[in-house]
Amino acid sequence: MLGVERGKAGVHLPAAVSFATCLCSLLLALHVAAFPLKASDTPNDGGGSITLEWTAPQPVAKEWILVRRERGGTFAPVTTIEGTVHSFRDGAVQTGVAYEYQLVAQPTDPQLDSEVSAPTRAVAAWFDRTKVNVLVVAAIFFFLLFFYIRQAESGVRWSFRKIPGLAAIEEAIGRATEMGRGILYVPGVQEIDDIQTIASMILLTKVSRMAAKYETNLLVPTNSPGVYTVAEEVVKSAYGDVGRSDAYRSDQVRYITSEQFAYVAAVNGIMLRERPAANFLLGAFFAESLLLAETGHSVGAIQIAGTANVHQMPFFVVACDYTLIGEEYYAASALLSNDARLLGSLKASDTVKIFLITVIVVGSLLLTFGQSWLTGFFSTQ
Amino acid sequence: MNAILAGLRALDRRWIFLAVGLLVIAPLVFGFHIAPVVPSHRAKGFYDAIERLPEGSTVLVAGDYDPGTRAENYPMHLAAARQLMRRNIKIIGVELYPAGVPLADDVLRIVGAEYGKKIGVDYVNLGYKVGNELVMSSMGSSIPKTFPVDSRGIPVSQIPVMKGIENFQQIDMIVSISAGYPGTKEWVQQVVSRFHVPMVAGVTAVSAPEYYPYLQAGQLQGLLGGMAGAAEYEVLVGKPALATRGMDAQSLAHVFIAFMILLGNVAFLGQRKPAKG
Amino acid sequence: MHLSSDIGVWIGAFLTLGIFSFLYKDNPVYKFCEHLFVGVSAGYYVVLTMISSVYPNMIQPLFTNFTHDRNFLLVIPLLLGIMLFSRFFPRGDWLSRWPIAFILGVYPALRITGFAQGDLVEQVHGTILPLWVPGDTGTTINNWLLVGGLITTLILFFFSKEHKGALGGSARVGIYFLMISFGASYGYTVMARVSLLIGRVMFLLDDWLGLLRF
Amino acid sequence: MKREVPILITLVSGLFCLIAFFVPHPFVHDLYGDVQNWAIVVVGCTYVLGVANLLRINVRQAQRREGDWFYKIVLIAGLLVTMAVGFSEGNHYSDVTSRFQWIYRTFYSPMTSTMFALLAFFIASAAFRAFRIRSPEALLLAIAAFILMLGRVPLGNAIHPFIPNAADWLMEVPQNAAKRGILIGAALGVMATGIRVILGLEKTYGGTGEGGA
């Protein structure tokens, strides 16, 4: 009797068919051994999502219709799911509202339906636990960074290894002096706010001081007004530092043009005309690395290059006498600058590398013996 | 012998330029065929990842390149759109290179017409947004807020394919066609691990080696490198086009450049003392 | 062979050849093309930026739908945007530092978390590999090379100690790995540049001259 | 005031974005979305500023009849015409038939593609004139380059399938390990610089962008 009444009420609903299906399954759920449907809040998200998991016994339905209701409400279909699937994330729920779910077999077979899940609410999380590894690694690094910067500021100096590229710079300037020819310094093609250009300005300080001391002609063609201004200042004060302000000429540092290939053509022109004995290509380089290194090589100059742009390193390595590669380039400028922030950062990077190497070795050994918890910790998925 | 070497050393490089030009033009004009294209397992990974998506999924196709690398990226973009549309997968296009918008529009229009797909219903191009990786991260908060209108200026609320798309939770996969910065690297950093979205990438050859660590770590499901990668993928999709046509010229030029390295080292043998370092 | 009748293709071909003329030597035609290129691309960028970003993301919601959602908050970027241009006035320069300061907060934060997750944590995770894979010697060797290659490369860029003894030996091995990776990059760069040339030759031969029979 | 406010803005916006990375709760996340949208708009304005600067510098040079002043006029004309056409067409810029698209397809597209195509010639000439194998390291580099150049094109496979297999192995194992080392080092550098900028320890000259290819 009760069933008939419910059936009548169902006729008025727009989704009569799905309602009837739900109804049958609800009634039959009491009689046949349906499988459990586990609903839980999707973890680590901003709410609005519930995750469903199930293991359906064989044989499984061809398809399921997933139905959902607020507690006490009526079931409405959410989506259709293939029979082979074992989980679903419902991302269209309201945070804080309790929902119940059920899987209804298609074509209709109440024996294959799931149980109705326990009421579940979507919750908004305050911390995404899948990112705890990022937090840990960043925290360790930043702690070391500020610790070492602090130490460096209070006057502590660590011993760092010699960087052969720096010795090579001195050697090249010496050679140019012996030969009585000039040196050319190209500070890359990025603006002055680029960290590679800033590092280049630090190296330029050293080069221009030595050039001033040995009275060797130094040329610095630049491709941006900003770099020009800073480079001019650097060279001028370097000449002053070694007491040779009189030897500084205003045309030593030049602004050529901001157009990439026009700049390259002009610098190549300088190389062919002036035939410098040493070329320094230090800074951020892009496609022009190849053209500059080739021309420099063909005029027989000693070439010392340095860049952090990975794509360009091969061209420098094959055509130059010495290349400061990536971190080595930054390290060289940090050591020359004697700046506490840069030295502290260098030291902190080194320390973190030891930590990472240890993690990799220990993790790999553990994994070899079947222990995967360390790998698991570093997984972000 | 010495005279020949001396002559080589004095060679005007414009002769080399001429040789390169002829080696590229000849196979294109005469259309001879050196060897068939055999797909690598990385290209298969790209293809299979898209094949595994169920019909009706929604894929974000990021066309982060401009005409500067059109020869490498455009064929991949075209082939990826073909595979997606053939499988009735919805496409949402975005471009973080301003000059990439017309290329993405072309791809969607051409392939859409081939498969009878309708703009707005089966695909949409949200166009360009300034801000590089910031745009990617912002899409994680809200795609409709980051892209309130598509490339035609139509509000996304009026575009059927955008219905229900809030953020990356509704995106089943990202296909990144990338020329450099911003591109595949930034999508990996800002989106893949953070929002747990699978991704495949088609990239320029210059940047391809950088992405192998991402591929091995599982952050990328497949990788196409340069025009050769595009040609392999075209073969897999079953529609050899632009990239496949270029492969003979590509082969010849590679052999020539390898030969130039050898010849150069012979010609300049003993010319300069080995330097330190 | 049938020549293109499209004036746009002819101009495109002229510009293509004009830029290729740089191969012979730097010349006025090339210079003309290069400057035209800089002008047109800057114009293109600014139009796209305004129409596709500034207008729909700020101006439109702010001026047509002020009270909807939280659109009124867009007054903040509007003010910051206006402040940027204060540098054109001699005494307003300091104001233009505010919007720059805002950008300088947001971008590094994105980069820190992006690099930490994608390039540190994930890469360490990807390098934790079993050093003995039963029945698969190939994978075992490759895993050793991946782990060893990464460690020696990291040691190569380790500056706190002189590279002597075992450390020096490891750094030496690191250099070999690095050189192989540079060789690979070299090969791939060659590939990229040749492909772009092929693209241009196809344009000239096909779109312009109509010489290709595909 | 003039010094402190910018430092404070950087600090607050930077720390907020760092924290928001870890917090999915809508309370933080919605504001995070707003902040990012504001930043998109402000970056857009910096582009406009950049073009205004470009225009100013070139107009000045053209006025003074400095060196290449004729070319500066070409640049200015290209810039102004493109802008005028673009803004007059508004949202129709993406129509294939628009004049803005015609400028794009006729001028922008061929020129930018050809710029990088030039490099194919230079790379061949540099291979001949400036690729010196004079150490074991350089030899290793050359061998890897050879295997890759042959292995990545169909010709390599036609010679022997061993070549593409060797190329794949080189890419996936040794080069992968070294690239990962570079990646990790670079990540530490970016993180160190980033936190120094946020905390106001870095000397900066302003600006946001990175370079292209």
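Predicted model: local features only at pLDDT ≥ 70, side-chain atom pairs only at ≥ 80, totals over all residues.
Visitor: Is chain A compact or spread out?
Guide: For 381 residues the globule rule gives 21 Å, but the radius of gyration of chain A is 35 Å, well over that. Along the principal axes, its C-alpha trace spans about 110 × 45 × 35 Å.

Visitor: Which strands of chain A stand at the edges of the open sheet of three strands?
Guide: The strand order is β1-β2-β5 in chain A, with antiparallel pairing. Two of these strands have a single partner each, so one side of each is left without a neighbour in the sheet. Those edge strands are β1 (37-41) and β5 (87-90) of chain A.

Visitor: How much does that sheet twist from one strand to the next, on average?
Guide: We're still on the open sheet with the order β1-β2-β5 in chain A. From each strand to the next, the average twist is 20°.

Visitor: Which residue in the turn between β3(A) and β4(A) has a positive phi?
Guide: Strands β3 (residues 63-70) and β4 (residues 76-82) of chain A pair in the antiparallel sense over six bridges. One of the bridge pairs joins Glu63(A) to Glu82(A) in β4(A). The two strands form a hairpin with five residues between them, and the turn residue with a positive phi, about 90°, is Gly72(A).

Visitor: How far apart are the end C-alpha atoms of helix α4 of chain A?
Guide: This helix runs over residues 164-179, which makes 16 residues. At 1.5 Å a residue it should span 22 Å, and the model agrees, since the end C-alpha atoms are apart by 22 Å.

Visitor: Which residues in α4(A) are buried, and which residue follows the helix?
Guide: The buried ones are Gly165(A), Leu166(A), Ala168(A), Ile169(A), Ala172(A), Ile173(A), Ala176(A) and Thr177(A). Their cover includes α5 (195-214), α10 (327-337) and the strands β8 (183-186), β11 (278-282), β12 (302-307) and β13 (322-325) of chain A. After the helix, with a positive phi near 70°, comes Gly180(A).

Visitor: Which residue is the bridge partner of Ala305(A) in β13(A)?
Guide: β12(A) and β13(A) pair in the parallel sense over four bridges. Both faces of β13(A) are covered, with Tyr322(A) and Leu324(A) buried on one side and Thr323(A) and Ile325(A) buried on the other. The partner of Ala305(A) is Thr323(A).

Visitor: Over in chain B, is Ile154(B) buried, exposed or partly exposed?
Guide: Ile154(B) lies in the loop between α7 (143-146) and β4 (173-178) of chain B. Leaving aside neighbours within four places in sequence, it is in contact with Val149(B) and Ile159(B). A residue needs 20 or more C-beta neighbours within 10 Å to be buried and 12 or fewer to be exposed. With 15 such neighbours, Ile154(B) counts as partly exposed.

Visitor: Which helix gives the most to the side of chain D that touches chain C?
Guide: In this contact, 97 residues of chain D meet 94 residues of chain C. By class, the chain D side has 67 nonpolar, 23 polar and seven charged residues. Several helices supply at least two residues each, including α1 (4-22) and α2 (26-63) of chain D. The one that gives the most, with 20 residues, is α4(D).

Conventions. Residues numbered from 1 in each chain as written. Chains lettered and ligands numbered in written order. Pairing = 2+ DSSP bridges. Axes fitted to C-alpha atoms, helices over the stretch in contact; angles between N-to-C directions. Contact = placed C-beta atoms within 7 Å. Nonpolar A, V, L, I, M, F, W, Y, C, P; charged D, E, K, R; others polar. Expected span 1.5 Å × (residues − 1). Rg over C-alpha atoms; globule rule 2.2 N^0.38 Å.
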